[in-house]
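Please read them with the structure open beside you.

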Amino acid sequence: MEPLIREVPRLANVTKDISVTTQLRQELRSNGFAIIRGLLTPQEAKSLRPVVRRSLKANGRYLYGGKFQLHAMYTTEEVARFLTSDVILARLKEITDPLEVVLTGECDLMINTTSSWHNDVPHHPRCKDGSIFADDTFRVYKIAFYLQDQGDDSPATLKVRPRSHLKGVVESLPARGLGVKAGDAIIFDVRIEHAGQMPTFVDRSLRRFCELAARPLHLDAQKAFTLSRAILRRIAFTQDRVAVFMTFGPAEEQTYSYADEGRLRHPGTRGTLSTEVLAQLSRTTYNRP
Ligand SMILES: O=C(O)CCC(=O)C(=O)O
């Protein structure tokens with residue numbers, strides 16, 4: 001199979017400029033997010049889009065006006081190859097260094113879902129007393145690849161409240177849109193408040209209508225919402241919003257317990273992967289002994 005992403009010898013891709021790495025880590029620690037520009041070439045990002053679409057078509061769930069798939073790297077060979085490629089892992093290792101990088105196994109694909117403000121730790125036991133937000137040693141991150149250009153002011157752009165990873169849910173913190181080009185990667189602390197594409201008035205009305213109409217007609221309301229929204233998007237020539245997300249952290253207890261929590265909530269799914277990819281996943285993904 002033709003690789004989606006350049007084959008780079010292990011460690012050859014580590015950034016030569018130590019100040020770039022230091023800045024990346026500082027931004028993550030203090031702001032709770034950072035952008036790595038051009039991690040993928042535009043061609044690589046373009047080749048990934050049909051892979052994500054196919055995977056979502058075969059496996060995804062209708063949700064929030066789009067489709068969403070959990071644990072995609074366990075079902076889709078090309079996604080697993082891409083996310084565990086040396087190009088990606090070497091950059092993640094720069095963040096977790098001197099510890100090895102560990103993938104938690106959370107890996108989501110999405111197309112056209114709508115969103116609201118949230119963080120990714122509401123179910124974590126240390127979220128209830130807020131102690132997770134006071135812990136500056138906590139380093140669990142998500143890497144997000146949006147596979148189309150999204151300008152700073154576009155409704156499609158990921159929005160974050162910088163520094164909220166250390167404060168919890170704080171609506172008064174100003175939000176910032178993270179404009180990206182296809183191929184850029186956004187890394188964010190799983191504690192940060194963030195939001196994807198907000199539903200418009202039309203989305204909210206359509207959703208309400210689908211919920212009301214679905215019950216008597218014995219339809220799946222989420223599916224009806226997604227499909228009717230897809231028709232509206234097509235009429236308006238709106239480009240699909242496609243993304244890949246993966247969670248990682250340093251090889252230490254904080255990452256392992258975050259992974260355990262995730263597995264309790266979403267027990268894993270497994271597809272048919274090649275022996276080579278399975279071996280790569282078991283080398284890089286956390287497995288509680
Ligand atoms: O749809 C988006 O861009 C937001 C994704 C998100 O909130 C998440 O992955 O936690």
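1. Which residues does G177 touch, not counting residues up to four places away in sequence? In this predicted model, the residues that G177 touches on that basis are D152, D153, T157 and K159. G177 itself is found in strand 7, and because it has 17 C-beta neighbours inside 10 Å, it counts as partly exposed. G177 and V160 are separated by 17 residues in sequence, while their C-alpha atoms lie 6.6 Å apart in space.

2. The sheet around this position deserves a careful look: it is an open sheet of three strands, in the order 7-6-9, and its pairing is antiparallel. Strand 7 (176-177) and strand 9 (194-195) each have a single partner strand and stand at the edges, so one side of each is left without a neighbour in the sheet. Strand 6 (residues 159-160) pairs with strand 9 in the antiparallel sense over two bridges, and within this part of the sheet K159 stands opposite A195 of strand 9. K159 is also one of the residues touched by G177.

3. For the ligand, the surrounding residues are M110, T113, S115, D120, L158, H194, G196, A243 and F245. Sorted by class, this shell holds four nonpolar, four polar and one charged residues.

4. In soluble globular proteins, nonpolar side chains tend to be buried together. When neighbours within four places in sequence are left aside, V244 is in contact with L48, V52, V79, L109 and F145.

5. As for the overall fold, the protein has nine helices and ten strands, and its C-alpha atoms fill a box of roughly 55 × 50 × 40 Å along the principal axes. The radius of gyration is 19 Å, which agrees with the value near 19 Å that a compact globule of 289 residues would have. Buried residues account for 40% of the 289 residues, and of the contacts between residues at least 6 apart in sequence, 82% join residues at least 24 apart.

Note on methods
Residues are numbered from 1 along each chain as its sequence is written. This is a predicted model: local features need pLDDT of at least 70, side-chain atom pairs count only at pLDDT 80 or more; totals for chains, interfaces and linings use all residues. Helices (H or I, at least four residues) and strands (E, at least two) are DSSP runs, numbered from the N terminus. The radius of gyration is taken over C-alpha atoms; the globule rule is 2.2 Å times the number of residues to the power 0.38. A residue is buried if 20 or more other C-beta atoms lie within 10 Å of its own, exposed if 12 or fewer, and partly exposed in between; C-beta atoms are placed from the backbone. Two residues are in contact if their C-beta atoms, placed from the backbone, lie within 7 Å. A residue is near a molecule or strand if its C-beta atom, placed from the backbone, lies within 6 Å of it. Ala, Val, Leu, Ile, Met, Phe, Trp, Tyr, Cys and Pro count as nonpolar, Asp, Glu, Lys and Arg as charged, and the others, Gly among them, as polar. Two strands pair if DSSP finds at least two bridges between them.
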